[in-house]
Amino acid sequence: MKKTVLLLIIVMALISCGKKEVKQVSPESLMSQEAFALAETLRTAFINNDKDALQKHSTPEGFRDITAGKKGFDKVELSFTPRWVEIENTKTLLNISWKSAWTAGSRKSEDRGMAVFQMEGKPLKLTKIIRANPFIYPEQ
């Protein structure tokens, strides 16, 4: 009887101390994380005027979208808030709410909007900016 109780206690201890099941990260979650990271990389490269990084992380069309309205500026502050991600076959669409503050000489302009970054490939690259482009100097 004592051996049975002792054996039962040991078995229960082993079962209760067993490893918890680790949930695998879904492919969609990994793709979303990669899209968020790419948006942040592009934002940082644009602020630092790093054309090489912008070209490396975008297709030629995506690079044109980033540099389309490039005017001279002394400083830019740009913040992105990802809202949602849509994954359609080979395309990843990242919806971003953004705010910007541009300084050129003594003139300061602020703008905000909603953009959709279309991304494709492995690793992801920006292929197109849909809606309000956060990289365009605001006209006022």
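Because the model is predicted, local features need a pLDDT of at least 70 and side-chain atom pairs count only at pLDDT 80 or more, whereas totals for chains, interfaces and linings use all residues. Residues are numbered from 1 along each chain as its sequence is written, and side-chain values use heavy atoms, with hydrogens and water left out.

The protein has 4 helices and 4 strands, where helices (H or I, at least four residues) and strands (E, at least two) are DSSP runs numbered from the N terminus. Read from that end, the elements follow the order α-α-α-α-β-β-β-β. Of the 140 residues, 32% count as buried, a term that means under 20% relative accessible area, with exposed meaning over 50% and partly exposed lying in between (1.4 Å probe, protein chains only). If one takes the contacts (heavy atoms within 4.5 Å) between residues at least 6 apart in sequence, 54% of them join residues at least 24 apart.

The interior can be followed through its nonpolar core, which is a set of buried Ala, Val, Leu, Ile, Met, Phe, Trp, Tyr and Cys residues joined through side-chain atoms within 4.5 Å. In general, nonpolar side chains of soluble globular proteins tend to be buried together. The largest such core here holds 27 residues, of which Phe46, Ile66, Phe80, Phe117 and Phe135 touch the most other members. Two or more residues come from each of H2, H3, helix H4 (60–67), E1, E2, E3 and E4, and H2 gives the most, with 7 residues. Phe117 shows how such a residue is surrounded: leaving aside residues up to four places away in sequence, its contacts include Ala39, Phe80, Leu94, Ile129 and Phe135.

Rings of Phe, Tyr and Trp (its six-membered ring) pair if their centres lie within 6.5 Å, and planes under 30 degrees apart count as stacked, over 60 as edge-to-face and the rest as tilted. By this rule there are 8 aromatic pairs. One of them is the edge-to-face pair of Trp102 and Tyr137, at 5.3 Å centre to centre and with 70° between the planes. This pair links distant parts of the chain, since Trp102 belongs to strand E2 and Tyr137 to the segment after E4, 35 residues apart. Trp102 is buried at a relative accessible area of 1%, and Tyr137 is also buried, at 5%.

Strands E3 and E4 pair in the antiparallel sense over 6 bridges, pairing being assigned if DSSP finds at least two bridges between two strands. Within this arrangement, Val116 stands opposite Ile130 in E4. The two strands form a hairpin with 4 residues between them, and Gly121 in the turn has a positive phi of about 95°. The loop between strand E3 (107–120) and strand E4 (125–131) also holds Pro123, which is joined to Lys122 by a cis peptide bond with omega of about -5°.

Most residues other than glycine have a negative phi, and most peptide bonds are trans. Asn49, in the loop between helix H2 (27–47) and helix H3 (51–56), has a positive phi of about 55° although it is not a glycine; Asn49 is partly exposed, with a relative accessible area of 45%. Asn89, in the loop between strand E1 (75–88) and strand E2 (91–104), likewise has a positive phi, of about 50°, and counts as exposed at 80% relative accessibility.
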